[in-house]
Amino acid sequence: MSTATSTRDIEPGEVKLFVPPDWFDLMADGTDRAATRARCADLVRLTYPDTPLERREEFTDGLLYCYDRYLADGVLMYGVITAPLPTTGAQAVWQVYGGVVAVPERPEEMDLGVLLTQVFDEQFAEKTAYVEHFTTDMGLGIGFISQPPVLVPSDWDDNAGTDMRTGLAGVLACPPEGGKGLLVIGTCLDPDQVRELAGLIAVIASRSVFIPPNTE
């Protein structure tokens, strides 16, 4: 029987993240909040050049709020992608974040797909998750995609409607012995883009590796 691992049991270490060369990572400046805000403001300016400055400041505040929350939670990577998709030309608005999580020992003995599907069924009250196993550079990988409904505030009804969904994709990559794993999650505003998003998530998680500690 597998035993659970607490996040407190994960030894400090490093992970080599595999990301595109032009990756825009809002966590790249670490705890330097001023530098992070400048990067957020630049991203918003490039993405919405015709939007009034006051509105762009609100967008920047929203990104910085996410940054503060993720930094406090130990997130290692927080990337934002805003670019036309090469397949359709539709605008992509994606967020991708990743961090190290505790994984049960010998996870290959567990049916992680069934476990994850059960979690999604309970969370969203719908069978919306597709789960797949595959091999990663760390050893094991499990990925999922979903199009869960979004709870819309009542005062948004006139602008957003009540039947909104988002795209959600994630991959957990971990060594065969378990202990720790890299969890990469992505969200997209357009739920129809979830498969393209899942492809990017799978590449990042599959090619990233933990760096062995220096034993010298």
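Visitor: Which strand gives the most to the lining of the second largest pocket?
Guide: In this predicted model, strand E3 gives the most to that lining, with five residues, and E1, E9 and E10 are among the elements that each supply at least two.

Visitor: What makes a residue part of that lining, and which residues lie nearest the centre of the second largest pocket?
Guide: A lining residue has an atom within 4 Å of a point of the pocket; 25 residues line the second largest pocket, and Ile10, Leu76, Val100, Lys180 and Phe210 lie nearest its centre. The space in this pocket is about 600 Å³, and its lining divides into 15 nonpolar, five polar and five charged residues.

Visitor: How do you know that Lys180 lies over the face of Phe210?
Guide: The distance part of the rule asks for NZ of Lys within 6 Å of the ring centre, and Lys180 lies at 4.8 Å from the ring centre of Phe210, so the distance falls inside that limit. Arg207, for which the rule uses CZ, lies over the face of Phe18 at 4.5 Å from the ring centre.

Visitor: What is the volume of the largest pocket, and which helix supplies the largest share of its lining?
Guide: The largest pocket has a volume of about 890 Å³, and among the residues closest to its centre are Tyr48 and Leu63. Helix H2 supplies the largest share of the lining, seven residues, while the lining as a whole comprises 17 nonpolar, six polar and three charged residues.

Visitor: Why is the aromatic pair of Tyr48 and Phe59 called tilted?
Guide: Ring centres must lie within 6.5 Å to pair, and planes count as stacked under 30 degrees and as edge-to-face over 60; Tyr48 and Phe59 are 5.2 Å centre to centre with 55° between the planes, so the pair is tilted. Because Tyr48 lies in the loop between H1 and H2 and Phe59 in helix H2, the pair ties together parts that are eleven residues apart in sequence.

Visitor: Why does Tyr48 count as partly exposed?
Guide: Buried means under 20% relative accessible area and exposed over 50%, so Tyr48, at 33%, counts as partly exposed. Phe59, with 28%, is therefore partly exposed as well.

Visitor: What makes the pair of Tyr70 and Tyr97 tilted?
Guide: Their ring centres are 5.0 Å apart and their planes stand at 35°, so the pair is tilted. Tyr70 lies in helix H2 and Tyr97 in strand E3, so this pair ties together parts that are 27 residues apart in sequence.

Conventions: Residues are numbered from 1 along each chain as its sequence is written. This is a predicted model: local features need pLDDT of at least 70, side-chain atom pairs count only at pLDDT 80 or more; totals for chains, interfaces and linings use all residues. Side-chain values use heavy atoms; hydrogens and water are left out. On a 1 Å grid over the protein atoms alone, a cavity is a set of points where a 1.4 Å probe fits but cannot get out, and a pocket is an open set with protein on both sides within 12 Å along at least five of seven lines; lining residues have an atom within 4 Å of a point. Grid points are joined across faces, edges and corners, and a volume is the space filled by probe spheres set on the points. Helices (H or I, at least four residues) and strands (E, at least two) are DSSP runs, numbered from the N terminus. Ala, Val, Leu, Ile, Met, Phe, Trp, Tyr, Cys and Pro count as nonpolar, Asp, Glu, Lys and Arg as charged, and the others, Gly among them, as polar. Rings of Phe, Tyr and Trp (its six-membered ring) pair if their centres lie within 6.5 Å; planes under 30 degrees apart count as stacked, over 60 as edge-to-face and the rest as tilted. Buried means under 20% relative accessible area, exposed over 50%, partly exposed in between (1.4 Å probe, protein chains only). A charge sits over a ring if NZ of Lys or CZ of Arg is within 6 Å of the ring centre and within 35 degrees of the ring normal.
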